[in-house]
Amino acid sequence: METISENICFGGTQGVYKHASTATNCDMTFAVFLPTEARDGPVPVLWFLSGLTCTHENAMTKAGAQAWAAEQGIALVFPDTSPRGDGVPNDDAYDLGQGAGFYIDATEAPWSEHFKMWSYIATELPALLGENFPLDMDRQSITGHSMGGHGALTLAMSLPGRFRSVSAFAPICNPTASDWGRKQFAAYWGDEANWGPHDATLLMQDGGFDGPMLIDTGTDDQFWDLLGTTALAAAMTDARQNGLLRLQKGYDHSYFFISTFMEDHVSFHAEALWA
């Protein structure tokens, strides 16, 4: 593992690191914020999965999460959204290829050699973090934005017991019924019969999440028709999910929206992590 940078931040350390990934068969970059408490021993972990076109850097610099994480004494992990590099396949469209990993494992050429983001986030990166940072991997929670909200919800519901809480900002909730999902799933997995249950609405219908859930979406989100918020809301109601889905009047899909409600989300997760 290579240290790219480390900076003092709210009394803790904001670091950026790179390593050779066996899951994605390329170098991967990620960021970790450690609060002051990490100097004395392992601290709980909150993952932030970013959306389409983003890297590890977008949320790290725009979401304003470090201030609230420092206040709560929890670490933040900001992974990249896809494999990258000259040998990694890409597409001219912004919503396919590099920057659009969708947190799934591709099985179709040319994507299958590198696009294994489910394995990377669910298995490889947690093991690396546990070995190299003072993190309490028995106390994890997860959040994300848009495509990353899709990833956060599907990981949380598919890995029972892994995460103590899950939240999302304007998540893609029903990708099997959206152009933000059907296009990518067809490219990465081929025939629809191979897609599997990587859909938050379908997972909610199949049992939901075994902990508290918080979702915020803006009423003026410019991608509202692609998100499938109403489908997930209905599924949450039917499943009697322990959760809160809030429609924030006038907010859009941007990091201005995310930063406005980041304190709420960090506090929500801190309550579960320190319980």
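How many residues line the largest pocket, and which of them lie nearest its centre?

## The largest pocket

The largest pocket of this predicted model is lined by 13 residues, and L52, T53, H145, F223 and H253 lie nearest its centre. A pocket here is an open set of points on a 1 Å grid over the protein atoms alone, where a 1.4 Å probe fits and protein lies on both sides within 12 Å along at least five of seven lines, and a lining residue has an atom within 4 Å of a point. The space in the largest pocket is about 180 Å³, and its lining comprises six nonpolar, seven polar and no charged residues.

## Strand β4 and its partners

All seven residues of strand β4 (residues 43-49) are buried, that is, under 20% relative accessible area with a 1.4 Å probe and protein chains only. Strand β4 runs parallel to β6 (residues 135-144), to which six bridges join it, and V45 has Q140 as its bridge partner there. Three bridges join β4 to β5 (residues 75-79), also in parallel, with L46 opposite L76.

## Helix α2

In helix α2 (residues 65-72), the buried residues are A65, Q66, A69 and A70. Because these residues fall within an arc of 130 degrees when seen down the axis of α2, they line one face of the helix. Their cover includes β5, α1 (57-62) and α9 (255-273). Just after α2, G73 takes a positive phi of about 70 degrees.

## Basis of the values

Residues are numbered from 1 along each chain as its sequence is written, and side-chain values use heavy atoms, leaving out hydrogens and water. Local features need pLDDT of at least 70 and side-chain atom pairs count only at pLDDT 80 or more, whereas totals for chains, interfaces and linings use all residues.

Key:
Grid points are joined across faces, edges and corners, and a volume is the space filled by probe spheres set on the points. Ala, Val, Leu, Ile, Met, Phe, Trp, Tyr, Cys and Pro count as nonpolar, Asp, Glu, Lys and Arg as charged, and the others, Gly among them, as polar. Buried means under 20% relative accessible area, exposed over 50%, partly exposed in between (1.4 Å probe, protein chains only). Helices (H or I, at least four residues) and strands (E, at least two) are DSSP runs, numbered from the N terminus. Two strands pair if DSSP finds at least two bridges between them. The arc is that of the directions from the helix axis to the C-beta atoms. Contact means heavy atoms within 4.5 Å.
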